Amino acid sequence: MTLKQLQSDFIACIYAEQTDKNKENNFKHLLCEEGKITPEQRISIYQNAYRARLYGVIDSDFPCLGKLIGDDLYHPLCSAYINAYPSHQPSINNFCAHLPEFIRYFDALKNHTIAIELCDFEWQLRTTFNAKNCKALAVDYLQNIPREKWPTLTFELSHSFALKYFSMNTVEVWLALKDDTTPEIKKLKQAQTWMIWRQELVTQYRSVEVDEACLLQAIADGHNFQYLCEALLEWWPEEQVPERAFQLLQHWLNLGLLT
């Protein structure tokens, strides 16, 4: 047997669910009997350590999710996720990347809207914090643009920026859980839009009005200033549109959103 095959069998054994004895047995016969610890016990030590480390990663990335749903739901969720997405990379930085989608189809929680939204929010906070740096435009950038170039003017948003739409009072629930207090969970009459971004080294988040959310999405889609103004006509009289558009752009510059 080659070293590569030995390593492959060992990893397959560690990845194997406790009910999957075939992979375990493929490796177990290579272990010699020595001392008071049996081959099964040796394998179990590594399997438990592997899963415990990944449980710790999930705890770190989603510190409030377990508080919300309780151990009876949280532990089966983590176990099922580790089985579905075993760690195949030396780095565990993105190990939990699939959990916000996975929880949507996990039988015990797929109708638990607040758990799904909280999971999504917590992962976005982490993603935003770890996003690639980019240089923000100067706050006086708009002052130097010639009038004739405004219609075709486009912007790019910071790599850390994201828009999230929550039908529950998700951020309030997260804040309460973060402070170890019991949250009041409510379904909103209308979905609320939140923008999340990083300003220097601090992750920020705030709710935004419908027109602002619409323009931020338009910028993300690559639309120019003329398009932004036309979009604002749905909420503002024509004579107020340029002022509102300029106001929002200047506000985003102050927040370091535009690059």
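In the predicted model, the protein chain exposes about 15,400 Å², of which carbon and sulfur atoms supply 51%. Buried residues account for 40% of the 259 residues in the protein chain.

The secondary structure of the protein chain consists of 11 helices and three strands. Read from the N terminus, the order of elements is α-α-α-α-α-α-α-β-α-β-β-α-α-α. The radius of gyration of the protein chain is 25 Å, well over the 18 Å given by the globule rule for 259 residues, so the chain is more spread out than a compact globule. The C-alpha trace spans about 85 × 45 × 25 Å along its principal axes. Of the contacts between residues at least 6 apart in sequence, 65% join residues at least 24 apart.

In soluble globular proteins, nonpolar side chains tend to be buried together. The largest nonpolar core in the model comprises 39 residues, and I58, L65 and L77 have the most contacts inside it. At least two residues of this core come from each of α3 (39-61), α4 (65-69), α5 (71-84), α6 (99-105), α7 (113-129), β1 (162-168), α8 (170-178) and β2 (187-199). The greatest contribution to this core is that of α7, with eight residues. When neighbours within four places in sequence are left aside, I58 is in contact with Y74, C78, Y81, I82, F95, C96 and L99. A second, separate core has 31 residues, among them F155, A218, F225 and L228.

Note on methods
Residues numbered from 1 in each chain as written. Predicted model: local features only at pLDDT ≥ 70, side-chain atom pairs only at ≥ 80, totals over all residues. Heavy atoms only, no water. Helix = DSSP H or I, 4+ residues; strand = E, 2+ residues; numbered from the N terminus. Rg over C-alpha atoms; globule rule 2.2 N^0.38 Å. Buried < 20%, exposed > 50% of the residue type's maximum accessible area, 1.4 Å probe, protein only. Contact = heavy atoms within 4.5 Å. Areas by Shrake-Rupley, 256 points an atom, 1.4 Å probe, with all protein chains shown as cover. Core = buried A, V, L, I, M, F, W, Y, C linked by side-chain atoms within 4.5 Å.
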